[in-house]
Amino acid sequence: MFGIREEAIEEFPMPGVTRRILTYNKYLMVMEGHLAKGTGVDHAHPHTQITYVVSGDLEVWSEGEYRVLHAGDCVVAEPNVPHKVNAKTDVVLIDTFTPCREDYIPARDKE
């Protein structure tokens, strides 16, 4: 499956967050995310997640460690480990999840 950004559906799952699911299969998902300055997300999920910061400054708390990530930096969130992010500036990122996040699959693809 190709991941054509212009063809991906823009979703707004919560205030300050925009995402586009670029491509996926049952093993892996790639998503583009935008977080507005000041937006925070605190959560855990059963997927391994790698976040790559494309632009902006992103505070990350994971496994008792705190770092500020900048463009070109990345982090791995292990399955079921609580982690938190906060956008210090407007942030663009690429998230990958394995296995695929079934809860993120666009409705048009579930038909």
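Gly3 touches Leu22 and Thr23, not counting residues up to four places away in sequence, where contact means heavy atoms within 4.5 Å. Gly3 is placed in the segment before β1 (10-14); helices (H or I, at least four residues) and strands (E, at least two) are DSSP runs, numbered from the N terminus. With a relative accessibility of 40%, Gly3 counts as partly exposed; buried means under 20% relative accessible area, exposed over 50%, and partly exposed in between (1.4 Å probe, protein chains only). Gly3 and Arg20 stand 17 residues apart along the chain, and their C-alpha atoms are separated by 9.9 Å.

The structure is a predicted model, in which local features need pLDDT of at least 70, side-chain atom pairs count only at pLDDT 80 or more, and totals for chains, interfaces and linings use all residues. Residues are numbered from 1 along each chain as its sequence is written, and side-chain values use heavy atoms, with hydrogens and water left out.

Asn25 is found in the loop between β2 (17-24) and β3. Asn25 counts as partly exposed, at 41% relative accessibility. A polar atom of the Asn25 side chain lies 2.7 Å from the backbone nitrogen of Tyr27. A polar contact is a pair of N or O atoms within 3.5 Å; within protein, one must be able to donate a hydrogen and the other to accept it, and residues adjacent in sequence count only if both atoms are side-chain atoms. Asn25 and Glu102 are 77 residues apart in sequence, and the distance between them, C-alpha to C-alpha, is 9.7 Å.

Gly33 lies in strand β3 and is buried, with a relative accessible area of 2%. Leaving aside neighbours within four places in sequence, Gly33 is in contact with Thr18, Arg19, Val91, Val92 and Leu93. Between Gly33 and Asp57, 24 residues apart in sequence, the distance in space is 13 Å, C-alpha to C-alpha.

Thr39 is placed in the loop between β3 (29-35) and β4 (40-43). The relative accessible area of Thr39 is 8%, so this residue is buried. Thr39 touches Pro15, Gly16, Val17, Val85, Asn86 and Ala87, not counting residues up to four places away in sequence. A polar atom of the Thr39 side chain lies 3.5 Å from the backbone oxygen of Gly16.

Backbone geometry was also examined. Most residues other than glycine have a negative phi, and most peptide bonds are trans. Glu63, although not a glycine, has a positive phi of about 50 degrees. Glu63 lies in the loop between β6 (58-62) and β7 (65-69) and is exposed, with a relative accessible area of 54%. Asn80, not a glycine either, has a positive phi of about 65 degrees. Asn80 is found in the loop between β8 (74-77) and β9 (83-87), and its relative accessible area of 54% makes Asn80 exposed. A cis peptide bond, with omega about -10 degrees, joins Thr98 and Pro99. Pro99 is placed in the loop between β10 (91-98) and α1 (107-110).

Arg101 is also placed in the loop between β10 and α1. At 8% relative accessibility, Arg101 counts as buried. Arg101 is in contact with Met29, His45 and His47, leaving aside neighbours within four places in sequence.

A search of the whole structure finds 0 disulfides, a disulfide being a pair of cysteine sulfur atoms within 2.5 Å. Cys74 is partly exposed, with a relative accessible area of 49%, whereas Cys100 is buried, at 4%.

The largest pocket holds about 400 Å³ of space. On a 1 Å grid over the protein atoms alone, a pocket is an open set of points where a 1.4 Å probe fits, with protein on both sides within 12 Å along at least five of seven lines; lining residues have an atom within 4 Å of a point. Grid points are joined across faces, edges and corners, and a volume is the space filled by probe spheres set on the points. The largest pocket is lined by 26 residues, of which Val41, His43, Gln49, Asp95 and Tyr104 lie nearest its centre. This lining divides into 15 nonpolar, 8 polar and 3 charged residues. Ala, Val, Leu, Ile, Met, Phe, Trp, Tyr, Cys and Pro count as nonpolar, Asp, Glu, Lys and Arg as charged, and the others, Gly among them, as polar.
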